[in-house]
Amino acid sequence: MKGVLEIKNLVKQFGGVRAIDSLTFSIPPASITGIVGPNGSGKSTIVNILTGLLPLDGGVVLVDGDAFKKILPHKVSSHGITRTFQNIRLFEQMTVLDNILVVLTDRNAFQALFERHGAYHLKKAEEFLRRVNLWEKRNELAISLSYGQRKLLEIARALAMTRSATSGQAADIYFFDEPFAGLFPEMAKIVSGILKELRQEKKAVVLIEHDMGIIRELSDRILVLDAGKLIADGNPDDVLGRRDVIEAYLGE
Amino acid sequence: MSYAIYLATIFCIYAIAGVSLNLVVGYAGLLSITHAAFFGIGAYATAILATKFGADFFLAVLVGIGITAAISWCAGIIMSRLGGDYYVLGTVSFNYVVINIMVNWDGLTNGPLGIPGIPKPSLFGFSFSSNILFLVLSVLFLAAVYAVSYWITTSSFGRVIKAIREDEEAVRVFGYRTISYKLAIFMISAAMAALAGGLFASFITFIDPTSFNVMESVFMLAIVIVGGFGNIKGSLIGAFLLVLIPELLRFVGFSADIAAYMRQAVYGLALVLFMLYRPKGLIGEYKL
């Protein structure tokens with residue numbers, strides 16, 4: 001089965017600070033893995049390393065058994081990995097539709113010169129935009145959307161991303177970095193529905209979230225980080241009841 | 001009438017420069033202040049090949065485009081290591097390097113004295129020696145450049161370079177080797193500028209380094225800013241306004257010398273006013 005992500009002894013150093021300290025865990029497919037921890041514990045740093053935005057200083061990352069000591073950002077999608085960002089990073093001065101079409105079309109610069117989006121691309125884009133109730137807004141600029149709608153568009157873009165334009169194959173590993181932050185309840189419902197559907201589709205979902213209610217409801221397993229170290233790994237009820245986790249999280 | 005034809009031809013040449021620069025600045029978001037260098041390389045290549053080697057205009061322009069594309073590829077590789085403000089400084093520095101080569105490589109460029117006697121184009125014995133025929137040729141070149149630019153900007157490639165302008169890192173995460181896209185658009189744009197330079201050399205029949213300095217790059221950038229970022233139609237409007245308005249100064253009592261200085265003042269003023277009150281330009285789709 002595809003979508004198995006393993007991290008062994010991952011290290012990330014920022015100057016004299018060890019942001020990630022010999023971290024080892026695996027993310028299985030057909031599950032939602034919640035990552036929690038106080039601010040600065042290294043949650044987003046892990047996602048940035050695994051998507052090539054930060055170089056890793058030690059350890060190894062295995063995707064479906066293939067080992068990587070260096071991750072190139074433009075190769076990430078071909079490994080079947082997609083993501084959203086903690087701070088929304090849309091293509092703001094482009095339309096909602098174009099934000100989706102960018103991740104559906106050809107990656108090769110020369111071939112992209114001769115490619116125009118056709119009925120197939122439009123149909124795919126419609127499918128993802130309808131899933132987040134944004135199809136009606138397809139011709140508006142992304143910057144003109146409300147905060148919640150922009151979050152939803154970012155999620156739709158992550159879902160729409162294909163390994164390559166020719167294969168049309170969807171990702172297998174999904175990183176959602178605080179996707180519920182600032183969402184109205186009806187929007188949050190859409191996002192939790194999407195996460196559950198991905199799990200049903202046998203995808204590996206990683207959810208970084210501060211809302212313990214959401215984490216408890218959606219996660220099959222929770223990893224707790226504190227100062228770049230893994231301090232707990234297990235099912236939500238066990239992990240969230242542990243005294244050391246409560247102390248790390250709430251500073252009690 | 002001949003003055004109007006002259007102005008229309010100059011408009012076509014600078015409209016090609018503006019449309020091509022818009023691909024880099026307005027679409028890819030790379031604030032380049034070196035377009036006059038590529039314009040100049042094209043002009044010098046055409047002039048040298050035509051005057052020293054007796055090459056046909058069209059062949060000379062074609063070679064000029066090739067040389068400019070190759071140089072822009074090298075410059076683009078180096079420039080791709082620079083980001084933000086440093087990229088701007090890098091492009092300005094490149095323009096200075098090119099100007100210095102034009103001034104100092106006497107054996108090839110004839111230095112500050114420039115190259116006179118650049119012939120008009122001819123094709124299969126048909127000469128474009130009259131101004132009206134040269135204008136027709138310039139309009140055809142402008143139409144070709146506009147069509148190619150339209151093709152690029154409405155393709156998937158065009159969408160990706162706009163996305164790179166918005167957030168390059170995010171584009172990379174979604175599977176794009178963005179440096180290839182940036183290099184490609186930089187080369188295409190430089191090649192178009194070289195075509196405009198070739199036309200310019202043949203039209204004026206004399207070139208020297210002063211036509212390709214940083215001030216000229218700023219003028220080309222002003223065309224893009226006034227017309228609008230990320231809209232190639234805007235560059236046509238920008239070129240029209242910035243070529244014509246300074247010429248109008250001649251009709252309000254300024255002498256030719258003063259009008260030349262006023263021209264620069266008008267560009268400066270236009271830039272400041274547009275950046276303050278209409279940062280997207282007249283019909284732009286993007287704000288820096």
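A: Start with helix axes: an axis is a line fitted to C-alpha atoms, for helices over the stretch in contact, and angles run from 0 to 180 degrees between N-to-C directions. Keep in mind that this model is predicted.

Q: At what angle do the axes of helix α9 and helix α11 of chain B cross?
A: At roughly 40 degrees, and the axes come within 10 Å. Angles from 65 to 115 degrees count as roughly perpendicular and those under 35 as roughly parallel, so α9(B) is oblique to α11(B). Helix α9 covers residues 214-227 of chain B, and helix α11 covers residues 256-277. The crossing is left-handed.

Q: Which residues of α9(B) and α11(B) meet?
A: From α9(B) come M215(B), V218(B), F219(B), A222(B), I225(B) and V226(B). They meet Q264(B), Y267(B), A270(B), L271(B) and F274(B) in α11(B). Sorted by class, this contact has 10 nonpolar residues, one polar residue and no charged residues.

Q: How do α2(B) and α8(B) cross, left-handed or right-handed?
A: Their crossing is right-handed. The axis of helix α2, residues 35-52 of chain B, comes within 6 Å of the axis of α8(B), and the two cross at roughly 50 degrees. That angle makes α2(B) oblique to α8(B).

Q: What classes of residue make up the contact of α2(B) with α8(B)?
A: It has 12 nonpolar, seven polar and no charged residues. Among those on the α2(B) side are H35(B), F38(B) and F39(B), while the α8(B) side includes A190(B), L195(B) and F200(B).

Q: What does chain B look like as a whole, in terms of helices and strands?
A: Chain B has 11 helices and two strands. From the N terminus on, the order is α-α-α-α-α-β-β-α-α-α-α-α-α. The radius of gyration is 18 Å, close to the 19 Å that the globule rule gives for 288 residues, so chain B is as compact as a globular protein of that length. Along its principal axes, the C-alpha trace spans about 55 × 45 × 35 Å. Of the 288 residues, 50% count as buried.

Q: How many residues of chain B are in contact with chain A?
A: There are 23, and they are in contact with 29 residues of chain A. Helices α7 (156-173) and α8 (178-204) of chain B each supply at least two residues of that side. The largest share, 12 residues, comes from α7(B). By class, the side of chain B that touches chain A has 11 nonpolar, five polar and seven charged residues.

Q: Is helix α1 of chain A mostly covered or exposed?
A: Mostly covered: eight of its eight residues, 43-50, are buried. K43(A) and N48(A) are among them. Just after α1(A), G52(A) takes a positive phi of about 80 degrees.

Methods:
Residues are numbered from 1 along each chain as its sequence is written. Chains are lettered from A and ligands numbered from 1 in the order in which they are written. This is a predicted model: local features need pLDDT of at least 70, side-chain atom pairs count only at pLDDT 80 or more; totals for chains, interfaces and linings use all residues. Helices (H or I, at least four residues) and strands (E, at least two) are DSSP runs, numbered from the N terminus. The radius of gyration is taken over C-alpha atoms; the globule rule is 2.2 Å times the number of residues to the power 0.38. A residue is buried if 20 or more other C-beta atoms lie within 10 Å of its own, exposed if 12 or fewer, and partly exposed in between; C-beta atoms are placed from the backbone. Angles under 35 degrees count as roughly parallel, over 145 as roughly antiparallel, 65 to 115 as roughly perpendicular and the rest as oblique. A crossing is left-handed if the near helix is turned anticlockwise from the far one by less than a right angle, and right-handed if clockwise. Two residues are in contact if their C-beta atoms, placed from the backbone, lie within 7 Å. Ala, Val, Leu, Ile, Met, Phe, Trp, Tyr, Cys and Pro count as nonpolar, Asp, Glu, Lys and Arg as charged, and the others, Gly among them, as polar.
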